[in-house]
Amino acid sequence: MSPGISSPSNERLATFEQAARNIVGPDNIRPSGTDFTLCPRPQALAESVVQPILVEPATEQDLAQVLKLANEADLAVIPRGGGTKLAWGNPPHRADVLLSTARLNAITEHAWSDLTVTVEAGCTIKQLREALVQHGQRLALDPLWPIRATVGGILSTNDSGALRLRFGSLRDLIIGVTIALPDGTLAKSGGKVVKNVAGYDLPKLVTGALGTLGVITQATFRLHPLPKESRTISCLALDSQEAQRLLLTIQSSKLAHSASQVRFVEFMQPQIDVLFEATQAGLDAQVAQLKTILAPSAVIDPGPAVWNARQELFSAAVDNPGNSALTKISVLPAQIAETYESFNAITANRIRFQAVVQATGIGFVYFDAAPPAIANALQSIRAKLEAMGGSLTIAHHPSAMPPLDAWGNPGDALPLMRAVKQQFDPKSTLNPRRFVGGI
């Protein structure tokens, strides 16, 4: 644990560690080492400096028992999957135990004839894709870093990409979930069929909750057939206004595209990308219609690599930790051009930035500048977007940047969110103060 992190008494920690070792085995509990780098805290608030304990249960029952032990010992627990998004959200107030789902990685049931799959939270997206492709199926989702990202991690962070335009977000794809609550209860909701109204809508509630309500141990998803063929068509727009006009025209057409986005790169014309998935005959007809819509702009077929643009921005931020920030924005599709132009005005050539904005109005923006300049720009841009009814969340920022809340204005939903947190996790055991409004 980083110096200055609030830690429990040695006695409580030792008692927990011994009890957890009896549950998961001695080889599956150890100091987290450099795996955990969150939670910088003022030195004046520190009780002592300790290293969080990493615990890796093998079953959801064991995970629930370990979580209950930590809750009873007043230890703060940080759930972890592949570790790709541990920096998202605000730094947690405390961090005593890293509760890993790495060993909960089985695909427990693939009802291929019903187009559903049930999978444990520690299963990676790559592993799930490889299993589903054998039956010509897929989870219609394109999250970041699929080789490492786990099912539980993408659900907790609600991470989805451009395919949500056609197939919906994770809340549209998940139909059942099991979560471990801090009191040791394994709560289940939903089912294993697409049309299901049994129980409370727990799957949608925990999706995007950043692990603050419970630890996801298992999930059931609806699936889609793999496309016969796919093709990406791109074109250059003269400026942001034309890029927005073309995006809206494509959206209002009868085209059956699976994804579309616009990429903004400094000193370059915006580029629009459209993904089609169909039979070869269907692709030919769709592409011909798109060319008519985009005329007189020239079109190219750049291949599927353009759909990695969002991940490339995140990777650039990770590779440049001292002078970069990565934000997620949400605006109306009709506000994309106005948003881009406001970015240009606020940064005023002092800050380099690139952006990828999906046709849904969800975008990702990379900033490169000195930390104080980034902080000032983010504050100004957030105020502008919130005045437009949009939002800006910070997924990555320089460690030397002045403190800035990751989430922005939570709106009038915060009292209800606090009440839900109190019901699920009354002692604030899970990810304390990491979520919206310090939940």
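User: Are Trp145 and Phe314 buried or exposed?

Analyst: This is a predicted model: local features need pLDDT of at least 70, side-chain atom pairs count only at pLDDT 80 or more, and totals for chains, interfaces and linings use all residues. Residues are numbered from 1 along each chain as its sequence is written, and side-chain values use heavy atoms, without hydrogens and water. Buried means under 20% relative accessible area, exposed over 50%, partly exposed in between (1.4 Å probe, protein chains only). Trp145 is buried, and Phe314 is too.

User: How are the planes of Trp145 and Phe314 set?

Analyst: A pair of aromatic rings is described by the distance of the centres and the angle of the planes. Rings of Phe, Tyr and Trp (its six-membered ring) pair if their centres lie within 6.5 Å; planes under 30 degrees apart count as stacked, over 60 as edge-to-face, the rest as tilted. For Trp145 and Phe314 the centres are 5.8 Å apart and the planes at 80°, so this pair is edge-to-face.

User: Which pair is tilted?

Analyst: Phe353 and Phe367, at 6.3 Å centre to centre and 35° between the planes. Phe353 is buried, with a relative accessible area of 6%. For Phe367, also buried, the value is 1%. Ring pairs join both to Phe264, Tyr340 and Phe343 in a cluster.

User: Which residues touch the most other members of the largest nonpolar core?

Analyst: In soluble globular proteins, nonpolar side chains tend to be buried together. A nonpolar core is a set of buried Ala, Val, Leu, Ile, Met, Phe, Trp, Tyr and Cys residues joined through side-chain atoms within 4.5 Å. Here the largest has 42 residues, and Val262, Ile272, Leu290 and Phe367 touch the most other members.
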